[in-house]
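Colleague: Walk me through this model one feature at a time. Give me the general idea, then the case here.

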Amino acid sequence: MKILGVSGSLRRDSYNVRLLEAAAELLPEGATFERFGGLKAVPPYDEDDDVEPAPEPVARLRETLAAADGVLFATPEYNSSIPGVLKNAIDWASRPLMTNPVRFKPVAVAGASTGAFGAVWAQEELRKVLGALGARVIEGVVPVGRAPTRFDESGRLVDEEIRGDLGDLVRNLVAAVEERRDGASAEAAVLPAG
Amino acid sequence: MTTETITTVPVGTWNLDAVHSTVGFEVKYLVGTFRGQFRDVDGRLEVDESGRATLEGYARVASVDVKDEQLAGHLQTPDFFDAERFPELHFRAEGLDVTMGEVRAQGEITIKGVTKPVEISGTVTPPAPDAYGKQRVGAVLTATVNRHDFGVSWNAPVPGGDMALADDVTINAELFFTKAE
């Protein structure tokens, strides 16, 4: 099982990247983690450019999302919402809507901010956007407020309560991926051969 | 001379004529009513010796028909019906009094994997022969459910604090049945 991590923050020392790394550690055995690092290269969405072949960074984004069994997003909060760069990438990924790579795919949302509220609005916004794409959005958010106090100098998440919430979130994500896979194999079993 | 009036649906199995039947829904949306229907439906009416009937019906979520393809696609996702996990809607009512005229009964409806009791009401029309030598009956039934009871909870706030989509959804079924041979 492949879980893809996407950080909405591009910053080198991003707390959201650290949050994804903490989540990767909490994944159960059998699940592998990969972080998508190509967000910055995705150009601004322009329908005139939304043709085949897609711009290379967009093709890479779509292929990486399609290859993942589940996706965990970690987003900061910019002006009470999600960063434009993340929304832009999702807008590219959403096209065409009916065959987009996250349709029916289990996805989960967490987020860290330096403020008190832990990007909770951005997480709710992101959940809404992912729902519009047709993703199976796992219940719950994991707000990591006052992020500098939650990680140690090596970047490790040291807040045990948040670690517990994050563990619950990734377990629910993995369970949804397994349920989807079981559902697909059950369907395959009842379909006639060929 | 007296004419015998048939006052109930004759005993036997009655299959849904899916081509002519309509199973749809309507829900208040912003300033009006939004309607859709399911193109792929199936059902059966079984009438026993006591004159009581069991009505069972299915609708394929993938066949939801609304005027916009994108919206039809969204209706199939986990925001609404979640067709991948729950490809069918199901309805069943037992002990239905199908004496001609008004019908009112308790049934069970399953939406998004959640089964809840629901009250249906409507009318049943008398049997009549069709042009192909078969007996037909018709039924017009309606039921109202709160979509949140079934986890169909998408909404959008509108300026002023209200929500765009109402909670109560009315399900309308105009059913044609043909007597099984």
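**Reading the model**

Modeller: Let's start with a pair of facing residues: Leu16(B) stands opposite Phe177(B), which belongs to S11(B). This is a predicted model, where local features need pLDDT of at least 70 and side-chain atom pairs count only at pLDDT 80 or more, while totals for chains, interfaces and linings use all residues. Residues are numbered from 1 along each chain as its sequence is written, and chains are lettered from A and ligands numbered from 1 in the order in which they are written.

Colleague: In which sense do S1(B) and strand S11 of chain B pair?

Modeller: Two strands count as paired if DSSP finds at least two bridges between them. S1(B) and S11(B) (residues 165–179) are antiparallel, with three bridges. S1(B), residues 12–16, also pairs in the antiparallel sense with S4(B), residues 41–47, this time over four bridges. There, Thr13(B) has Glu46(B) as its bridge partner.

Colleague: How many strands does chain B have?

Modeller: Elements here are DSSP runs, numbered from the N terminus: helices (H or I) have at least four residues and strands (E) at least two. Chain B has 11 strands and one helix. Reading from the N terminus, you get β-β-β-β-β-β-α-β-β-β-β-β. Its C-alpha atoms fill a box of roughly 70 × 25 × 25 Å along the principal axes.

Colleague: Which strands run antiparallel and are joined by eight bridges?

Modeller: Those are S5(B), residues 52–60, and S7(B), residues 88–97. Look for Tyr58(B), which faces His90(B) of S7(B). S7(B) also pairs antiparallel with S8(B) (residues 101–111), over three bridges. With three residues between them, S7(B) and S8(B) make a hairpin. Arg92(B) sits opposite Glu108(B) of S8(B) in that pairing.

Colleague: What pLDDT does chain B average?

Modeller: pLDDT is the predictor's confidence in each residue, on a scale from 0 to 100. Chain B averages 92, and 96% of its residues score at least 70. For the complex, the predictor gives an ipTM of 0.83 and a pTM of 0.88.

Colleague: How many residues of chain A are in contact with chain B?

Modeller: A contact means two C-beta atoms, placed from the backbone, within 7 Å. By that rule, 10 residues of chain A touch eight residues of chain B.

Colleague: What share of chain B counts as buried?

Modeller: Buried means 20 or more other C-beta atoms within 10 Å of the residue's own, exposed means 12 or fewer, and partly exposed is in between, again with C-beta atoms placed from the backbone. In chain B, 29% of the 181 residues are buried.

Colleague: And the largest nonpolar core: which residues touch the most other members?

Modeller: A nonpolar core is a set of buried Ala, Val, Leu, Ile, Met, Phe, Trp, Tyr and Cys residues joined through C-beta atoms within 7 Å. The largest has 53 residues, and those touching the most other members include Leu19(A), Leu72(A), Val107(A) and Ala110(A). Its largest share, eight residues, comes from H5(A). Look at Ala110(A): beyond its neighbours within four places in sequence, its contacts include Leu19(A), Leu72(A), Val141(A) and Leu166(A). A second, separate core has 41 residues, among them Ala53(B), Val64(B), Val98(B) and Val124(B).

Colleague: Which residue other than glycine has a positive phi, near 55 degrees?

Modeller: That is Lys112(B), in the loop between S8 and strand S9 (114–129) of chain B. In chain A, Phe104(A) has a positive phi of about 65 degrees without being a glycine. Phe104(A) sits in the loop between H3 and S4 of chain A.

Colleague: Why does Phe104(A) count as partly exposed?

Modeller: Because Phe104(A) has 19 C-beta neighbours inside 10 Å. Lys112(B) is partly exposed too, since 19 C-beta neighbours lie inside 10 Å of it.
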